[in-house]
Amino acid sequence: MTAPCPKTAMVFAAGLGTRMRPITDTLPKPLVRVGGRALIDHCLDRLAENGVERAIVNVHWRADQIEAHLAGRKTPRIVISDEREMLLDQGGGIKRALPALGKDPFLLCNTDAFWIEGPRSNIARLAAAFDPDTMDVALLVAAAAGAVGVDWPGDFTMTRDGRLEGRVARHVAPFVYTGVGIIKPELFESEAADVFRLAPFFHAAAARGRLFGVRLDGLWLHVGRPETIAEAERAVERSIL
């Protein structure tokens with residue numbers, strides 16, 4: 001049995017954006033514009049297109065600017081998770097937001113990347129593939145070859161049945177995590193720490209055989225450094241010619 005598209009998403013907008021300096025000295029990375037849209041709007045637009053009703057957006061660096069930018073947004077409805085006092089990392093950000101995220105599996109969305117859609121919505125494909133009986137986490141992954149802005153040796157390998165396995169040290173993996181996934185909130189309920197990373201939860205799910213992937217249909221663009229803005233802009237321009 002497959003689950004419908006979640007109605008709630010966790011959107012990560014609290015990072016310092018250190019690799020995007022000097023731009024991020026004065027502008028939070030989620031507000032960097034590519035293809036005429038802020039990175040966070042690329043994320044929120046995709047969520048809205050797929051019927052997501054609420055986006056929990058965590059904020060820390062230049063939080064006032066992000067809040068002001070989102071103030072006029074109608075869909076999805078924005079709920080701010082305030083991390084001004086302490087940056088909690090992605091895992092800690094989820095734990096802080098659990099009361100707002102609810103009890104059902106929810107979407108994850110980073111704000112340092114976006115994608116040019118293929119013939120069918122990738123979020124819809126991910127949601128259709130997510131089976132809560134057999135999966136704790138499902139991630140949208142992209143082939144590293146051909147993606148824009150990938151400057152690391154990949155994240156995952158994928159078996160024939162869609163199970164993801166983490167990259168072995170000193171090896172190259174063919175797939176990268178796009179920053180989009182579906183995850184169960186109960187994975188975080190017993191976590192005692194306040195500040196912790198999200199990636200270990202992916203790897204723990206993989207060890208249980210409950211981490212699956214859906215390959216992105218389209219072109220993924222990772223905007224990690226100032227020089228990749230122009231590269232992403234060119235890819236967007238080519239896609240609309």
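This report describes the helices and some backbone features of a predicted model.

## Helix H3

Helix H3 covers residues 89–101, which makes 13 residues. At 1.5 Å a residue the helix should span 18 Å, and its end C-alpha atoms are 17 Å apart, so the two values agree. The helix has a kink of about 35 degrees at Lys-95, shortly before the proline Pro-99.

The buried residues of H3 are Gly-91, Gly-92, Gly-93, Ile-94, Ala-97, Leu-98 and Leu-101. They pack against four strands: S1 (8–13), S4 (54–59), S5 (77–82) and S6 (106–110). Just after the helix comes Gly-102, with a positive phi of about 85 degrees.

## Helix H1 and its crossing with H2

Helix H1 is formed by residues 39–49 and helix H2 by residues 63–70. Of the 11 residues of H1, 8 are buried, so this helix is largely enclosed by the rest of the structure. The buried residues are Leu-39, Ile-40, Asp-41, His-42, Cys-43, Leu-44, Arg-46 and Leu-47. Just after H1, Gly-51 has a positive phi of about 80 degrees.

The axes of H1 and H2 come within 11 Å and cross at roughly 45 degrees. The crossing is right-handed. On the H1 side, the contact is made by Ile-40, Asp-41 and Leu-44. On the H2 side, Ile-66, His-69 and Leu-70 take part.

## Cis peptide bonds

Most peptide bonds are trans. The bond from Arg-21 to Pro-22 is cis, with omega near 10 degrees. Pro-22 is found in the loop between S1 and strand S2 (33–34).

The bond from Thr-75 to Pro-76 is also cis, and its omega is near -10 degrees. Pro-76 belongs to the loop between H2 and S5.

Most residues other than glycine have a negative phi. Arg-62 is not a glycine, yet its phi is positive, at about 50 degrees. This residue is found in the loop between S4 and H2. With a relative accessible area of 34%, Arg-62 is partly exposed, because this value lies between the limits of 20% for buried and 50% for exposed.

Arg-170, again not a glycine, has a positive phi of about 65 degrees. It lies in the loop between strand S10 (164–166) and strand S11 (175–183). The relative accessibility of Arg-170 is 81%, so it counts as exposed.

Key. Residues are numbered from 1 along each chain as its sequence is written. This is a predicted model: local features need pLDDT of at least 70, side-chain atom pairs count only at pLDDT 80 or more; totals for chains, interfaces and linings use all residues. Side-chain values use heavy atoms; hydrogens and water are left out. Helices (H or I, at least four residues) and strands (E, at least two) are DSSP runs, numbered from the N terminus. The expected span of a helix is 1.5 Å times one less than its number of residues. The bend at a residue is the angle between axes fitted to the seven residues ending there and the seven starting there. Buried means under 20% relative accessible area, exposed over 50%, partly exposed in between (1.4 Å probe, protein chains only). Contact means heavy atoms within 4.5 Å. Axes are lines fitted to C-alpha atoms, for helices over the stretch in contact, and angles run from 0 to 180 degrees between N-to-C directions. A crossing is left-handed if the near helix is turned anticlockwise from the far one by less than a right angle, and right-handed if clockwise.
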